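This briefing looks at one strand with its pairing partners, and then at a set of charged side-chain contacts. Please keep the sequence and the structure at hand while reading.

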Amino acid sequence: MAIKEYLDTHEAFSISDFERAFPGSRTDRNLLSRAVGRGAVDRPRRGLYVSRSGRFAHSAADPLDVAVAVADDVVFCYLTALRLHGAAHDVTRVTRFYSRHGIARFAYGGQVFVPHRLGDREVDTQSLLTASGNAYRVTTGEQTVIDCLARPALAGGPEHLLRRLGAFAHPDVAKLLGLADAVSLSTAARLGWVLSTKREDWGVTDAQLAALARQRGKGPYYFWSSQPPRDSHWVNRWRLYLPHPEQEMASWLNL
């Protein structure tokens, strides 16, 4: 395959991808460098390339495609996962993904790409087919709910998160409870409040809420912040402080 054909058919690729297509070819490496020099290829970070050639010359690269070219184990998470699951439709300039590789954040095309290193942690994932016809690895809906409750700031903060969670039609409550076994007590308390608020819509049973309540610990826990100005609206059942009145936060979740 000639390098021009490669650049015309591969929008985002790593240097490893390129070397598999052109094994041991110093000449083609030089041609790639020249293409970067004349603006036919962008290099957002070391080892990552985005073609600006052929049909890619006049369109912005899909941030998802740029991210999956960074590493071979990319799994989209947090707000990016909410968007892929159809629970978030607002425009965002941050693309978040898990990887076991040590990757530094970088910016390209108006997007900030933020890797979150998994380490030894295991997460539930699935493949989602998008309207573009491409499939991407993403945390499951239930894993996304748990992750976002564990770190609400990475889902846009309490109001944004609850409005997005309210868009989930029927998460598997049993799976949520299973995942809650491996999270912090504060995350379990947040989940308990969400499940009790969405119990009718999501078909949450009394037994499921009781099981979660048994693992809540002593508390107190905080939905958003334990630092001044700290959360101050108390929910006794979950030993949880909310940052806003419970009725107001419940309205975000139930819209």
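Predicted model: local features only at pLDDT ≥ 70, side-chain atom pairs only at ≥ 80, totals over all residues.

A residue is called buried when its relative accessible area is under 20%, exposed when that area is over 50%, and partly exposed in between.

**Strand β7 and its partners**

- Strand β7, which covers residues 111-117, is mostly covered, since 5 of its 7 residues are buried.
- On the parallel side of the pairing, strand β5 (residues 94-99) joins β7 over 6 bridges, and within β7 it is V114 that stands opposite R96.
- In the antiparallel sense, β7 pairs over 3 bridges with strand β6, which spans residues 106-108, and F113 in β7 is the bridge partner of F106.
- Strands β6 and β7 form a hairpin that has 2 residues between them, and in its turn G109 adopts a positive phi of about 60 degrees.

**Salt bridges between separate parts of the chain**

- The whole structure contains 9 salt bridges according to the search, among them the contact between the side chains of R52 and D42, with an N to O distance of 3.9 Å.
- Because R52 lies in the loop between β3 (48-51) and α4 (63-68) while D42 belongs to strand β2 (residues 41-45), this pair ties together parts that are 10 residues apart in sequence.
- Both side chains of that pair belong to partly exposed residues, R52 having a relative accessible area of 23% and D42 one of 24%.
- A further salt bridge brings together the side chains of R100 and E122, at 3.4 Å from N to O, and it links distant parts of the chain, with R100 in the loop between β5 and β6 and E122 in the loop between β7 and β8 (125-129), 22 residues apart.
- With a relative accessibility of 34%, R100 falls in the partly exposed class, whereas E122, with a relative accessible area of 64%, is exposed.

- E159 and R163 form a salt bridge in which the closest N and O atoms are 2.9 Å apart.
- The two residues E159 and R163 are 4 residues apart in helix α7 (residues 158-165), so they are separated by about one helical turn.

Note on methods. Residues numbered from 1 in each chain as written. Heavy atoms only, no water. Buried < 20%, exposed > 50% of the residue type's maximum accessible area, 1.4 Å probe, protein only. Pairing = 2+ DSSP bridges. Salt bridge = Lys/Arg side-chain N within 4 Å of Asp/Glu carboxyl O.
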